[in-house]
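Please examine the sequence and the model shown below. The paragraphs that follow lead through the structure, beginning with a single residue and widening to the chain.

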Amino acid sequence: MVTATRPLPRAVSVRHLGPNWYATVMGTAVVATAGPALPAHVPGPRGLFTGVWAFSLVLLLVLLGARAGHWLHHRDQARAHLLDPATAPFYGCLAMALLAVGGGALTVGRDWIGAAAAMTLGSVLFGIGTVLGLAAAVAVPYLMAVTHRVEPGQASPVWLLPLVAPMVSAAVGPLLVPRLPPGQPRETLLLLCFALFGLSLLATLVVLPLLVGRLLTGGPLPLALTPTLFLVLGPLGQSTTAAGAFADVAPGVVPEPYAEGFAVLAVLYGVPVMGFALLWSCFATAHVLRARRHGMRFSMTWWSFTFPVGTCVTGAGALARHTGLVAYAGPAVALYGVLVVAWGTAALGTVRGLLRGELLAAPAPAPVVPRPATARTTSGAVR
(Lines give C-alpha, C1' and ligand atoms only; values in the text may rest on other atoms or scores of the structure.)
Protein backbone atom coordinates (compact mmCIF):
# COMPACT_ATOMS: atom_id res chain seq x y z
CA MET A 1 0.00 0.00 0.00
CA VAL A 2 1.23 3.50 -0.78
CA THR A 3 1.85 5.49 2.37
CA ALA A 4 1.35 9.22 2.86
CA THR A 5 5.12 9.79 2.81
CA ARG A 6 5.64 8.06 -0.54
CA PRO A 7 4.07 9.98 -3.45
CA LEU A 8 2.29 8.04 -6.15
CA PRO A 9 4.10 7.62 -9.46
CA ARG A 10 2.89 10.19 -11.95
CA ALA A 11 1.66 7.62 -14.48
CA VAL A 12 -0.43 5.82 -11.88
CA SER A 13 -2.10 9.00 -10.62
CA VAL A 14 -3.03 10.15 -14.13
CA ARG A 15 -4.14 6.71 -15.26
CA HIS A 16 -6.89 6.44 -12.66
CA LEU A 17 -8.08 10.05 -12.87
CA GLY A 18 -11.70 9.77 -14.02
CA PRO A 19 -14.18 12.38 -15.29
CA ASN A 20 -15.90 12.36 -11.90
CA TRP A 21 -13.12 14.66 -10.67
CA TYR A 22 -14.74 17.58 -12.48
CA ALA A 23 -17.29 17.51 -9.65
CA THR A 24 -14.66 19.24 -7.51
CA VAL A 25 -14.72 22.20 -9.91
CA MET A 26 -18.52 22.29 -9.94
CA GLY A 27 -18.75 22.15 -6.16
CA THR A 28 -16.16 24.89 -5.70
CA ALA A 29 -17.59 27.24 -8.34
CA VAL A 30 -21.11 27.03 -6.91
CA VAL A 31 -19.84 28.21 -3.52
CA ALA A 32 -18.68 31.37 -5.28
CA THR A 33 -21.78 31.94 -7.41
CA ALA A 34 -24.43 31.03 -4.82
CA GLY A 35 -23.15 33.60 -2.32
CA PRO A 36 -24.04 36.74 -4.33
CA ALA A 37 -27.37 35.13 -5.31
CA LEU A 38 -28.55 35.10 -1.70
CA PRO A 39 -31.46 37.41 -0.89
CA ALA A 40 -29.65 38.63 2.23
CA HIS A 41 -26.08 39.77 2.71
CA VAL A 42 -23.84 36.97 3.92
CA PRO A 43 -21.13 37.97 6.42
CA GLY A 44 -17.83 38.30 4.61
CA PRO A 45 -16.57 40.45 1.76
CA ARG A 46 -17.51 39.91 -1.87
CA GLY A 47 -13.79 39.42 -2.45
CA LEU A 48 -14.09 36.08 -0.67
CA PHE A 49 -16.51 34.84 -3.34
CA THR A 50 -14.16 36.10 -6.02
CA GLY A 51 -11.26 34.24 -4.43
CA VAL A 52 -13.24 31.00 -4.35
CA TRP A 53 -14.15 31.47 -8.01
CA ALA A 54 -10.48 32.06 -8.88
CA PHE A 55 -9.61 28.81 -7.12
CA SER A 56 -12.27 26.99 -9.16
CA LEU A 57 -10.76 28.41 -12.35
CA VAL A 58 -7.29 27.18 -11.38
CA LEU A 59 -8.72 23.81 -10.42
CA LEU A 60 -10.47 23.58 -13.79
CA LEU A 61 -7.26 24.32 -15.69
CA VAL A 62 -5.33 21.73 -13.68
CA LEU A 63 -7.93 19.05 -14.29
CA LEU A 64 -8.21 19.86 -17.99
CA GLY A 65 -4.46 19.39 -18.30
CA ALA A 66 -4.47 16.19 -16.25
CA ARG A 67 -7.38 14.73 -18.21
CA ALA A 68 -5.67 15.63 -21.49
CA GLY A 69 -2.64 13.68 -20.29
CA HIS A 70 -4.93 10.83 -19.35
CA TRP A 71 -6.35 10.62 -22.87
CA LEU A 72 -2.89 11.02 -24.41
CA HIS A 73 -1.02 8.42 -22.36
CA HIS A 74 -3.76 6.08 -21.12
CA ARG A 75 -6.22 5.84 -23.97
CA ASP A 76 -7.14 2.28 -23.02
CA GLN A 77 -8.31 3.41 -19.61
CA ALA A 78 -10.16 6.37 -21.13
CA ARG A 79 -12.03 3.97 -23.42
CA ALA A 80 -12.77 1.77 -20.42
CA HIS A 81 -14.40 4.78 -18.75
CA LEU A 82 -16.65 5.35 -21.78
CA LEU A 83 -17.58 1.67 -21.94
CA ASP A 84 -18.38 1.49 -18.23
CA PRO A 85 -22.05 2.38 -17.55
CA ALA A 86 -21.08 3.39 -14.02
CA THR A 87 -18.51 5.94 -15.25
CA ALA A 88 -19.65 7.21 -18.65
CA PRO A 89 -22.39 9.50 -17.20
CA PHE A 90 -19.68 11.48 -15.41
CA TYR A 91 -18.67 12.95 -18.76
CA GLY A 92 -21.55 15.35 -18.17
CA CYS A 93 -19.48 16.83 -15.34
CA LEU A 94 -16.98 18.28 -17.81
CA ALA A 95 -19.65 20.46 -19.43
CA MET A 96 -21.09 21.51 -16.06
CA ALA A 97 -17.63 22.40 -14.72
CA LEU A 98 -17.02 24.68 -17.71
CA LEU A 99 -20.45 26.27 -17.35
CA ALA A 100 -20.14 26.75 -13.59
CA VAL A 101 -16.81 28.55 -13.93
CA GLY A 102 -18.13 30.55 -16.89
CA GLY A 103 -21.17 31.66 -14.92
CA GLY A 104 -18.93 32.61 -12.03
CA ALA A 105 -16.82 34.77 -14.35
CA LEU A 106 -19.92 36.78 -15.24
CA THR A 107 -21.08 37.25 -11.65
CA VAL A 108 -18.03 37.52 -9.39
CA GLY A 109 -14.99 36.92 -11.60
CA ARG A 110 -15.35 40.32 -13.24
CA ASP A 111 -14.24 41.91 -9.95
CA TRP A 112 -10.83 40.30 -10.46
CA ILE A 113 -10.27 40.07 -14.22
CA GLY A 114 -12.41 42.99 -15.39
CA ALA A 115 -15.77 43.16 -17.15
CA ALA A 116 -14.41 42.70 -20.69
CA ALA A 117 -12.28 39.65 -19.86
CA ALA A 118 -15.12 38.17 -17.77
CA MET A 119 -17.51 38.59 -20.69
CA THR A 120 -15.08 36.88 -23.05
CA LEU A 121 -14.29 34.03 -20.68
CA GLY A 122 -17.91 33.53 -19.72
CA SER A 123 -19.07 33.50 -23.34
CA VAL A 124 -16.38 31.03 -24.45
CA LEU A 125 -17.01 28.65 -21.55
CA PHE A 126 -20.77 28.92 -22.07
CA GLY A 127 -20.44 28.05 -25.76
CA ILE A 128 -18.06 25.13 -25.24
CA GLY A 129 -19.93 23.86 -22.20
CA THR A 130 -23.28 23.97 -23.99
CA VAL A 131 -21.97 22.04 -27.00
CA LEU A 132 -20.30 19.43 -24.78
CA GLY A 133 -23.39 19.19 -22.59
CA LEU A 134 -25.64 18.51 -25.59
CA ALA A 135 -23.14 15.97 -26.91
CA ALA A 136 -23.08 14.17 -23.54
CA ALA A 137 -26.88 14.26 -23.29
CA VAL A 138 -27.06 12.37 -26.60
CA ALA A 139 -23.91 10.22 -26.56
CA VAL A 140 -24.10 8.78 -23.04
CA PRO A 141 -27.71 7.51 -23.28
CA TYR A 142 -26.86 6.16 -26.74
CA LEU A 143 -23.89 4.22 -25.37
CA MET A 144 -26.02 2.90 -22.52
CA ALA A 145 -28.66 1.72 -25.01
CA VAL A 146 -26.45 0.06 -27.64
CA THR A 147 -23.09 -0.69 -26.00
CA HIS A 148 -23.44 -0.95 -22.25
CA ARG A 149 -25.18 -3.87 -20.62
CA VAL A 150 -27.43 -2.20 -18.09
CA GLU A 151 -29.92 -3.93 -15.82
CA PRO A 152 -32.84 -2.25 -13.99
CA GLY A 153 -31.11 -2.86 -10.66
CA GLN A 154 -28.17 -0.72 -11.79
CA ALA A 155 -30.26 2.48 -12.05
CA SER A 156 -28.41 5.27 -10.26
CA PRO A 157 -28.73 9.04 -9.79
CA VAL A 158 -25.47 9.25 -11.74
CA TRP A 159 -27.56 8.65 -14.87
CA LEU A 160 -28.89 12.20 -14.46
CA LEU A 161 -25.49 13.87 -14.87
CA PRO A 162 -25.36 14.14 -18.68
CA LEU A 163 -29.03 15.18 -18.74
CA VAL A 164 -28.60 18.04 -16.26
CA ALA A 165 -25.79 19.72 -18.21
CA PRO A 166 -28.19 21.50 -20.63
CA MET A 167 -30.13 22.82 -17.63
CA VAL A 168 -26.95 24.43 -16.33
CA SER A 169 -26.60 26.12 -19.72
CA ALA A 170 -30.20 27.29 -19.41
CA ALA A 171 -29.42 28.91 -16.05
CA VAL A 172 -26.13 30.52 -17.13
CA GLY A 173 -27.22 31.74 -20.59
CA PRO A 174 -29.55 34.53 -19.35
CA LEU A 175 -26.51 36.26 -17.84
CA LEU A 176 -25.31 36.84 -21.40
CA VAL A 177 -28.64 38.08 -22.79
CA PRO A 178 -28.30 41.75 -21.68
CA ARG A 179 -24.79 41.86 -23.15
CA LEU A 180 -26.01 41.06 -26.67
CA PRO A 181 -27.35 43.64 -29.16
CA PRO A 182 -31.07 44.36 -28.68
CA GLY A 183 -33.56 42.59 -30.87
CA GLN A 184 -33.23 39.14 -32.34
CA PRO A 185 -29.83 38.25 -30.78
CA ARG A 186 -31.21 38.67 -27.27
CA GLU A 187 -34.51 36.96 -28.00
CA THR A 188 -32.79 34.07 -29.77
CA LEU A 189 -30.46 33.38 -26.86
CA LEU A 190 -33.29 33.58 -24.32
CA LEU A 191 -35.47 31.16 -26.27
CA LEU A 192 -32.47 28.87 -26.85
CA CYS A 193 -31.99 28.72 -23.07
CA PHE A 194 -35.69 28.00 -22.67
CA ALA A 195 -35.37 25.13 -25.17
CA LEU A 196 -32.41 23.75 -23.19
CA PHE A 197 -34.58 24.05 -20.07
CA GLY A 198 -37.30 21.92 -21.67
CA LEU A 199 -34.83 19.40 -23.09
CA SER A 200 -33.22 18.73 -19.73
CA LEU A 201 -36.46 18.79 -17.77
CA LEU A 202 -38.23 16.24 -19.96
CA ALA A 203 -35.18 13.97 -20.06
CA THR A 204 -34.99 14.10 -16.26
CA LEU A 205 -38.66 13.21 -15.97
CA VAL A 206 -37.98 10.12 -18.09
CA VAL A 207 -35.05 8.88 -15.98
CA LEU A 208 -36.20 9.82 -12.47
CA PRO A 209 -38.99 7.18 -12.30
CA LEU A 210 -36.40 4.50 -13.15
CA LEU A 211 -34.35 5.58 -10.14
CA VAL A 212 -37.33 5.72 -7.78
CA GLY A 213 -38.51 2.31 -8.99
CA ARG A 214 -35.05 0.84 -8.40
CA LEU A 215 -34.97 2.23 -4.83
CA LEU A 216 -38.43 0.99 -3.96
CA THR A 217 -38.00 -2.49 -5.40
CA GLY A 218 -34.27 -3.08 -5.12
CA GLY A 219 -33.47 -1.55 -1.75
CA PRO A 220 -30.90 1.10 -0.80
CA LEU A 221 -27.96 1.98 -3.01
CA PRO A 222 -24.48 0.62 -2.19
CA LEU A 223 -22.88 2.61 0.61
CA ALA A 224 -20.39 4.43 -1.62
CA LEU A 225 -23.14 5.53 -4.01
CA THR A 226 -25.61 6.70 -1.36
CA PRO A 227 -24.44 10.37 -1.47
CA THR A 228 -25.37 10.46 -5.17
CA LEU A 229 -29.02 10.60 -4.13
CA PHE A 230 -28.38 14.32 -3.68
CA LEU A 231 -27.75 14.58 -7.42
CA VAL A 232 -31.53 14.58 -7.90
CA LEU A 233 -31.56 18.05 -6.32
CA GLY A 234 -29.46 19.30 -9.26
CA PRO A 235 -32.17 19.42 -11.94
CA LEU A 236 -34.72 20.62 -9.37
CA GLY A 237 -32.73 23.55 -8.04
CA GLN A 238 -31.12 24.39 -11.38
CA SER A 239 -34.45 24.48 -13.23
CA THR A 240 -35.92 26.79 -10.59
CA THR A 241 -32.85 28.99 -10.91
CA ALA A 242 -33.22 29.03 -14.69
CA ALA A 243 -36.92 29.91 -14.53
CA GLY A 244 -36.09 32.84 -12.27
CA ALA A 245 -33.31 33.97 -14.60
CA PHE A 246 -35.70 33.90 -17.58
CA ALA A 247 -38.10 36.18 -15.71
CA ASP A 248 -35.26 38.56 -14.79
CA VAL A 249 -34.21 39.25 -18.39
CA ALA A 250 -37.43 38.67 -20.36
CA PRO A 251 -38.90 42.23 -20.10
CA GLY A 252 -37.86 44.11 -23.22
CA VAL A 253 -36.38 40.98 -24.79
CA VAL A 254 -39.57 39.14 -25.73
CA PRO A 255 -42.92 40.83 -26.38
CA GLU A 256 -45.89 40.65 -24.07
CA PRO A 257 -47.56 38.47 -22.95
CA TYR A 258 -44.48 36.23 -23.11
CA ALA A 259 -42.40 38.39 -20.78
CA GLU A 260 -45.17 38.28 -18.18
CA GLY A 261 -45.48 34.55 -18.84
CA PHE A 262 -41.86 34.03 -17.82
CA ALA A 263 -42.57 35.89 -14.55
CA VAL A 264 -45.55 33.63 -13.90
CA LEU A 265 -43.49 30.54 -14.77
CA ALA A 266 -40.80 31.50 -12.26
CA VAL A 267 -43.29 31.27 -9.38
CA LEU A 268 -45.82 28.67 -10.54
CA TYR A 269 -43.05 26.28 -11.59
CA GLY A 270 -40.52 27.06 -8.90
CA VAL A 271 -42.76 26.74 -5.85
CA PRO A 272 -43.88 23.12 -6.37
CA VAL A 273 -40.49 22.01 -7.67
CA MET A 274 -38.68 23.41 -4.63
CA GLY A 275 -41.30 21.70 -2.50
CA PHE A 276 -40.37 18.39 -4.07
CA ALA A 277 -36.68 19.28 -3.58
CA LEU A 278 -37.39 19.64 0.15
CA LEU A 279 -39.07 16.23 0.20
CA TRP A 280 -36.21 14.60 -1.70
CA SER A 281 -33.55 16.22 0.47
CA CYS A 282 -35.17 14.67 3.56
CA PHE A 283 -35.38 11.31 1.80
CA ALA A 284 -31.72 11.48 0.67
CA THR A 285 -30.53 12.63 4.09
CA ALA A 286 -32.23 9.68 5.75
CA HIS A 287 -30.46 7.31 3.36
CA VAL A 288 -27.09 8.97 4.02
CA LEU A 289 -27.54 8.74 7.79
CA ARG A 290 -28.38 5.06 7.40
CA ALA A 291 -25.29 4.54 5.24
CA ARG A 292 -23.09 6.25 7.82
CA ARG A 293 -24.42 3.93 10.51
CA HIS A 294 -23.51 1.01 8.27
CA GLY A 295 -19.94 2.20 7.79
CA MET A 296 -19.99 4.50 4.75
CA ARG A 297 -16.53 6.04 4.31
CA PHE A 298 -15.42 9.09 2.36
CA SER A 299 -15.29 8.77 -1.40
CA MET A 300 -15.47 11.17 -4.33
CA THR A 301 -19.25 10.74 -4.35
CA TRP A 302 -19.32 13.06 -1.32
CA TRP A 303 -18.99 15.93 -3.80
CA SER A 304 -22.65 15.18 -4.58
CA PHE A 305 -23.41 17.17 -1.44
CA THR A 306 -22.09 20.41 -2.99
CA PHE A 307 -23.25 21.44 -6.46
CA PRO A 308 -26.84 20.12 -6.16
CA VAL A 309 -27.29 21.89 -2.82
CA GLY A 310 -25.84 25.03 -4.39
CA THR A 311 -28.50 24.96 -7.11
CA CYS A 312 -31.14 24.83 -4.38
CA VAL A 313 -29.57 27.93 -2.83
CA THR A 314 -29.85 29.85 -6.11
CA GLY A 315 -33.32 28.40 -6.73
CA ALA A 316 -34.59 29.50 -3.32
CA GLY A 317 -32.93 32.87 -3.88
CA ALA A 318 -34.79 33.25 -7.19
CA LEU A 319 -38.11 32.49 -5.50
CA ALA A 320 -37.36 34.97 -2.73
CA ARG A 321 -36.59 37.58 -5.39
CA HIS A 322 -39.79 37.00 -7.35
CA THR A 323 -42.19 36.46 -4.43
CA GLY A 324 -40.66 38.76 -1.82
CA LEU A 325 -41.30 36.10 0.81
CA VAL A 326 -39.01 35.61 3.79
CA ALA A 327 -40.13 31.98 3.67
CA TYR A 328 -37.66 31.52 0.79
CA ALA A 329 -35.01 34.01 1.89
CA GLY A 330 -34.36 32.21 5.17
CA PRO A 331 -33.95 28.72 3.69
CA ALA A 332 -31.64 30.09 1.01
CA VAL A 333 -29.27 31.44 3.66
CA ALA A 334 -29.51 28.23 5.70
CA LEU A 335 -28.83 26.09 2.63
CA TYR A 336 -25.78 28.19 1.84
CA GLY A 337 -24.42 27.38 5.28
CA VAL A 338 -25.00 23.68 4.55
CA LEU A 339 -23.23 24.12 1.22
CA VAL A 340 -20.15 25.66 2.81
CA VAL A 341 -19.93 22.87 5.40
CA ALA A 342 -20.42 20.23 2.70
CA TRP A 343 -17.71 21.79 0.52
CA GLY A 344 -15.26 21.95 3.42
CA THR A 345 -15.94 18.32 4.33
CA ALA A 346 -15.56 17.09 0.73
CA ALA A 347 -12.43 19.18 0.14
CA LEU A 348 -10.80 17.97 3.36
CA GLY A 349 -11.62 14.35 2.56
CA THR A 350 -10.23 14.74 -0.96
CA VAL A 351 -6.95 16.25 0.20
CA ARG A 352 -6.59 13.57 2.85
CA GLY A 353 -7.34 10.83 0.32
CA LEU A 354 -4.77 12.22 -2.11
CA LEU A 355 -2.08 12.41 0.55
CA ARG A 356 -2.78 8.82 1.56
CA GLY A 357 -2.71 7.69 -2.07
CA GLU A 358 -6.21 6.21 -1.87
CA LEU A 359 -8.27 8.20 -4.38
CA LEU A 360 -6.01 7.83 -7.42
CA ALA A 361 -4.72 4.34 -6.75
CA ALA A 362 -5.67 1.39 -8.94
CA PRO A 363 -8.91 -0.34 -7.89
CA ALA A 364 -8.59 -3.37 -5.70
CA PRO A 365 -8.83 -6.72 -7.54
CA ALA A 366 -12.34 -8.12 -7.64
CA PRO A 367 -12.92 -11.41 -5.81
CA VAL A 368 -12.69 -14.48 -8.01
CA VAL A 369 -16.32 -15.61 -8.12
CA PRO A 370 -18.58 -16.55 -11.02
CA ARG A 371 -20.12 -13.43 -12.56
CA PRO A 372 -23.15 -13.13 -14.84
CA ALA A 373 -22.57 -12.26 -18.47
CA THR A 374 -24.36 -8.93 -18.00
CA ALA A 375 -22.17 -7.67 -15.15
CA ARG A 376 -20.86 -4.15 -15.62
CA THR A 377 -17.19 -3.48 -16.23
CA THR A 378 -15.07 -1.80 -13.59
CA SER A 379 -12.74 1.11 -14.34
CA GLY A 380 -12.20 2.37 -10.81
CA ALA A 381 -13.33 5.96 -11.53
CA VAL A 382 -16.25 5.80 -9.09
CA ARG A 383 -14.76 4.99 -5.74
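Ser281 is located in helix 10. Helices here are DSSP runs (H or I, at least four residues) and strands likewise (E, at least two), numbered from the N terminus. The model is a predicted one, in which local features need pLDDT of at least 70 and side-chain atom pairs count only at pLDDT 80 or more, while totals for chains, interfaces and linings use all residues. Residues are numbered from 1 along each chain as its sequence is written, and side-chain values use heavy atoms, with hydrogens and water left out.

Ser281 has a relative accessible area of 18% and is therefore buried; buried means under 20% relative accessible area, exposed over 50%, and partly exposed in between (1.4 Å probe, protein chains only). Not counting residues up to four places away in sequence, Ser281 touches Phe230 and Leu233, where contact means heavy atoms within 4.5 Å.

Two packed helices are described by the angle between their axes and the distance between the axes. Helix 9 (residues 233-249) packs on helix 10 (residues 258-293) at an angle of about 160°, and their axes are 9 Å apart. Axes are lines fitted to C-alpha atoms, for helices over the stretch in contact, and angles run from 0 to 180 degrees between N-to-C directions. The two helices, helix 9 and helix 10, are therefore roughly antiparallel to each other; angles under 35 degrees count as roughly parallel, over 145 as roughly antiparallel, 65 to 115 as roughly perpendicular and the rest as oblique. Helix 9 passes helix 10 in a left-handed crossing, meaning that the near helix is turned anticlockwise from the far one by less than a right angle. The contact of helix 9 with helix 10 comprises 14 nonpolar, six polar and no charged residues. In this classification Ala, Val, Leu, Ile, Met, Phe, Trp, Tyr, Cys and Pro count as nonpolar, Asp, Glu, Lys and Arg as charged, and the others, Gly among them, as polar.

Helix 10 also packs with helix 8 (residues 184-218), at an angle of about 25° and with the axes 15 Å apart. Helix 8 and helix 10 are therefore roughly parallel to each other, and their crossing is left-handed. Among the residues that meet are Leu190, Phe194 and Leu215 in helix 8 and Tyr269, Phe276 and Trp280 in helix 10. By class, this contact of helix 8 with helix 10 has 15 nonpolar, no polar and no charged residues.

Elsewhere in the chain, Leu99 lies in helix 5 (residues 92-113). With 1% relative accessibility, Leu99 counts as buried. Its contacts, leaving aside neighbours within four places in sequence, include Leu125, Phe126, Ala165 and Val168. Leu99 and Val168 are 69 residues apart along the chain, and their C-alpha atoms are separated by 6.8 Å.

His148, by contrast, is found in the loop between helix 6 (115-146) and helix 7 (161-172). His148 counts as buried at 6% relative accessibility. Beyond its neighbours within four places in sequence, His148 is in contact with residues including Leu82, Pro85 and Leu143. The side chain of His148 reaches the backbone oxygen of Leu82 at 2.8 Å.

For the protein chain as a whole, the secondary structure comes to twelve helices and zero strands. Of its 383 residues, 51% count as buried. Among contacts with a separation of 6 or more, 83% are between residues 24 or more positions apart.

Technical notes. Polar contact = N/O pair within 3.5 Å; in protein donor to acceptor, adjacent residues only side chain to side chain.
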